[in-house]
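Hi there,

Here is the structure I promised to pass on to you.

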Amino acid sequence: MKPAFKTVALIGKYQNTEIKEPLLVLADFLRARHVDVFIEESTAQCLDLKDYPSIHIDSIGAHANLAVVLGGDGTMLTVGRALVNHSIPLVGINRGRFGFLTDVSTKSMLDAMAGILDGEYTLEQRILLGAGIVREDKVLSEGCALNDIVVSKGGLARLIELEVTIDGQFVQRQRSDGLIVATPTGTTAYALSAGGPILHPVLEAIALVPICPHTLSNRPFAISSTSTVEITLVHSEDARVHFDGQLHAVLNDGDKVVVKCRDKTISLLHPRSYSDYEMLRNKLRWG
C-alpha cells in the first residue's frame, strides 16, 4: 500500500537534545515505509543529524505534505504559525509537559504513524486569530496566534483600563490585569487558568476572558468567530500585547488591538482512536 503521505518533515523541540533518539527512530521507520524524510534545519543542526536532508522551516510547505512535530505545545504553536500560509497538516508527538496539541506519545508514535500513513486518521481544522496594533489610525504591526492574543499589564503591579467593542458595538470598560482573546484551541491554555470556558476545538467561536477583573461581575463569554474585537487601551503606565505567549508590542494609552479570525486554518491530524473528550479527561484528571 502506498503511504498517504509521501514526504514528511520532522521538526524537534528547539535546543532539546533529548528528542534525538525518538526523532531518529521515527525517521528510520518512515524511510522503511518508503517515505521521503526531511529534518527541519535548526533541528538537524542542534542534534548534529547528517543522514537525512535538512530543510529550512520556511520551505517545508513547498517540499513536504506532512509535518511531524516532536516537542510540546509551545513547539506546535511556533510551527503552526510558521506554516500558516501552507496547507500542510501537522502531527504532534508529545515531548513536553501537558500536550493538548501534541497528543501522540513517543511510546505509541510508530503505531500512530503507521495508521496515519495507511490513511487511518481524523482531521481537525483549527482557527487562528490575526491582530493589528493601531496607533493614531496607523497599523504599526500585525501578527497571528493559534492559542490567544493577550493584552495585559507589564512589570508594574497596577491594573490597566481597557475598552472593548465587538463589531463596532461598545461592550464594556474594565479595570483588570488584562484581557485574553482565545481560540477554542487556546481555551485549554492561559484562558483556562484565568477561569475561562473550555470550547470544543473545532467550534467557530472566540472566548474573551478577563484577567483578575476589579469588578467581579465581569465574566468570560464567547462570541462568533466572524466577529471583530477591538480593545482600546484607556489607561496604563505599562501594557503589552502577546501573541501565543510571545511579546509582540508595548502599548501606549489610546492604542487599539484589533482582533479577528484569519481566513486560513491549521490542519491537525490525529490517530483514528483520538477523542477530544478523552484527552480532556486525562489531562485535567476528570473522574
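Predicted model: local features only at pLDDT ≥ 70, side-chain atom pairs only at ≥ 80, totals over all residues.

Residues are numbered from 1 along each chain as its sequence is written, and side-chain values use heavy atoms, with hydrogens and water left out.

Let's start with helix 1, residues 20-32. (Helices are DSSP runs of H or I with at least four residues, strands are runs of E with at least two, and both are numbered from the N terminus.) Pro 22, Leu 23, Leu 26, Ala 27 and Leu 30 are buried there, where buried means under 20% relative accessible area, exposed over 50% and partly exposed in between (1.4 Å probe, protein chains only). Looking down the axis of helix 1, these buried residues fall within an arc of 135° (taken from the directions from the helix axis to the C-beta atoms), so they line one face of the helix. Glu 21 and Ala 32, on the other side of helix 1, are exposed. After helix 1 comes His 34, with a positive phi near 65°.

Now for the rings: the structure holds one aromatic pair. Phe 5 and Tyr 121 have ring centres 5.7 Å apart and planes at 40°, so the pair is tilted. (Rings of Phe, Tyr and Trp, the latter by its six-membered ring, pair if their centres lie within 6.5 Å; planes under 30 degrees apart count as stacked, over 60 as edge-to-face and the rest as tilted.) Phe 5 lies in the segment before strand 1 and Tyr 121 in strand 7, so the pair ties together parts 116 residues apart in sequence. Phe 5 counts as buried at 8% relative accessibility, while Tyr 121, at 24%, counts as partly exposed.

Best wishes

Note on methods
Expected span 1.5 Å × (residues − 1).
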